[in-house]
2 protein chains.
Amino acid sequence: MEGSLSDVSTPGRIADDGEGISGQELALAARNHGLPLEALRYDVTPPGLHYVLVHYDIPPADADTWRLSVGGLVRPLELDLSALRALPAVTHRVTMECAGNGRARLSPRPVSQPWLVEAVGTADWTGVPLRMVLAEAGVLPEAVEAVFTGADHGVERGVEQDYRRSLPLRVATDEDPPVLIAHTMNGGPLPPQHGCPLRLVVPGWYGMAHVKWLRDITLTDVPFTGFQQSVAYRYRQAGDLPDDPGVPVTRILPRALMVPPGFPDFMSRVRVVRPGPVRLEGRAWSGAGPVVRVEVSADGCASWVRARLADREPGGWAWQAWHCDWTATPGRHTLTARATDVEGRTQPLEQPWNRGGFGNNLVQHVPVLCCR
Amino acid sequence: MEGSLSDVSTPGRIADDGEGISGQELALAARNHGLPLEALRYDVTPPGLHYVLVHYDIPPADADTWRLSVGGLVRPLELDLSALRALPAVTHRVTMECAGNGRARLSPRPVSQPWLVEAVGTADWTGVPLRMVLAEAGVLPEAVEAVFTGADHGVERGVEQDYRRSLPLRVATDEDPPVLIAHTMNGGPLPPQHGCPLRLVVPGWYGMAHVKWLRDITLTDVPFTGFQQSVAYRYRQAGDLPDDPGVPVTRILPRALMVPPGFPDFMSRVRVVRPGPVRLEGRAWSGAGPVVRVEVSADGCASWVRARLADREPGGWAWQAWHCDWTATPGRHTLTARATDVEGRTQPLEQPWNRGGFGNNLVQHVPVLCCR
């Protein structure tokens, strides 16, 4: 049996009408994992409950010998962990979400990691502001982007690659929010699956920007056109390049999620509540700034009531808590929450379809049975 | 819309021929998660990579106010965390595996949590031997079983319940291995998803026995016949009781897993290796005692070579490391490992089907493409 990469690494595809989740999608779902929605109760997501999406393998990493190189249009630098830890560090609480969150709810369904709504988590990230390291390296005036390379290596849609993404220099050196080279998560070393020993943290951006297992930063005078920038992570209606270059996926769109009330059925995950008052609560976030309004519907989006929403902490990039009261009456109900952010963007009631299945912030639907 | 529990909590079923993974199975796969197979490289599974299966919700738990009650055929006791921590503790390294591991590889497929092969993990569990607590409580001579109740509550196949399982008193009070009331995992408090603040650890048994969020132990003079004992977790060929009472699921069957060599394709997870020598390595375990032989096939189970196998630590109940060398030649290959335990049980090459999808230790198949 001979074979070539193109046999095992095929183009993206859209599932057929009525096609169940495939074995390949299941293999991704069994490796990667989302936040069990009841864990929205924690301000900071406990270890192991934060969503994880790893494109290839979690690479072996030895923090003692790890080196971060900074090259390209700078005075080249090489930093080990002790050098990075010796620099002034800041801590930010950041909500991260996978750009593909919601993909498996789309119809037709783009075939990839099949998230429903749970690809989110919040952590306290401590590290060195990227702009400090870049200032130390002396970025040359002609540089326009910083390209970040992780240690994870694989093949994707026929292209062998290290995972690599860029940021415009303006974003990379922003002061609010600062992009971090994070060496600490929730007060301890990064777990292997979250980028041990170093990852980029880009508050407000979808997860693909937060390059894990960060080993190289290269400053360039042309925009990066690698796979994860120009082929993947684009909002695109038609097929692949060059038919439709698409629009880059960047900041997180607004979303509210509810802690499912009552208790679940094991298999259907339908919630069971008793008649009477039920407190509904959850979290809401947006990558554009604070969420300013959360509304809740208990009748399948026919009518809405305003939830009480906590303020976002100044300078913070974490989700905001919300709650409201609901009186459950016997029968079946569909609960929904909807967030609107400071820029007036709100969650759609109809799916925002695109070929990669990115940014699907269609409102959550929580089926509930109220019985005595 | 009225409704009843039977509308949302339906009997178990077998997927139709060719039926893809359903939305309900996907919702379980997105909540629960397996060990990414490259994490077999770690002796002790890092936090967040150990498999997790939660039947209902992770319950809120306050370690400061948590009480464990011991009742039934004893002098009733109530213990808080500080009382348990004051008792002499022991630490055991234990490999845990979900009884449903391998379910989604079965054909036809029982519809439930759709594990492939990855529902496993190893941790250092510290706690009080259950037999010490039972001795303190003075078990009456007529007691035959201990029934363990967790704080997780839900509905399953129409039955509302707290998660509850029993052990025969002989197993519950065994000295080797000792059943633990564990308050510490890998040196720290239990994470919420692993049973914070207390769980049972039953070395050598599948995961359903390791009751999480343990809040009650009741000694009884009759065998427990609750849902998780008599309906679920039975090896059964026909439909539900009373047609086929089935055989209880107890100890872990032997299994070897391989760290997939080379690097993956994102979507197909097929591995890519270069021609030449490749070290193959992995872990093997059995709930009946040590694994005594691991064999590896690189030709789809036509021929086998013996791997080098590390001894199991005396008194330990953790997986054993194994490795062997393979010379990759251009083309496609299927790699397989097979464990045999001290009692002579070996992994099957044909699926051991049962209606619940339990104990499917069919050998793993790792598809590999070797190219330059």
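User: How many salt bridges does the rule find across the interface of chain A and chain B?

Analyst: A salt bridge is a side-chain nitrogen of Lys or Arg within 4 Å of a carboxyl oxygen of Asp or Glu. The rule finds eight across the interface of chain A and chain B. One of the salt bridges in the structure joins the side chains of B:E160 and A:R274, at 2.8 Å from N to O. This is a predicted model, in which local features need pLDDT of at least 70 and side-chain atom pairs count only at pLDDT 80 or more, whereas totals for chains, interfaces and linings use all residues. Residues are numbered from 1 along each chain as its sequence is written, chains are lettered from A and ligands numbered from 1 in the order in which they are written, and side-chain values use heavy atoms, with hydrogens and water left out.

User: Which element of chain A gives the most residues to the side that touches chain B?

Analyst: Helices (H or I, at least four residues) and strands (E, at least two) are DSSP runs, numbered from the N terminus. α2(A) gives the most, with eight residues. Among the elements of chain A that each supply at least two residues to this side are α1 (5–8), β5 (145–156) and β21 (331–341).

User: What area do chain A and chain B bury between them?

Analyst: Buried area is the accessible area (1.4 Å probe) that two parts lose on being put together, summed over both. Here the two chains bury about 6100 Å², with 62% of it on carbon and sulfur atoms. In chain A, the residues that lose the most area to chain B are A:V8, A:F266 and A:M267, which together account for 13% of what that side buries.

User: How should I read a sheet, and what is the strand order of the open sheet of four strands in chain A?

Analyst: Strands of a sheet pair through backbone hydrogen bonds, either parallel or antiparallel. Two strands count as paired if DSSP finds at least two bridges between them. In chain A, the order is β13-β16-β20-β19, with antiparallel pairing. β13 (255–258) and β19 (308–309) of chain A each have a single partner strand, so one side of each edge strand is left without a neighbour in the sheet. Within this sheet, β16 (residues 276–285) and β20 (residues 320–328) of chain A pair over nine bridges, and A:V278 has A:W326 in β20(A) as its bridge partner.

User: Which strands of chain B form a hairpin?

Analyst: β5(B) and β6(B) do, with two residues between them. In the turn, B:R157 has a positive phi of about 50°.
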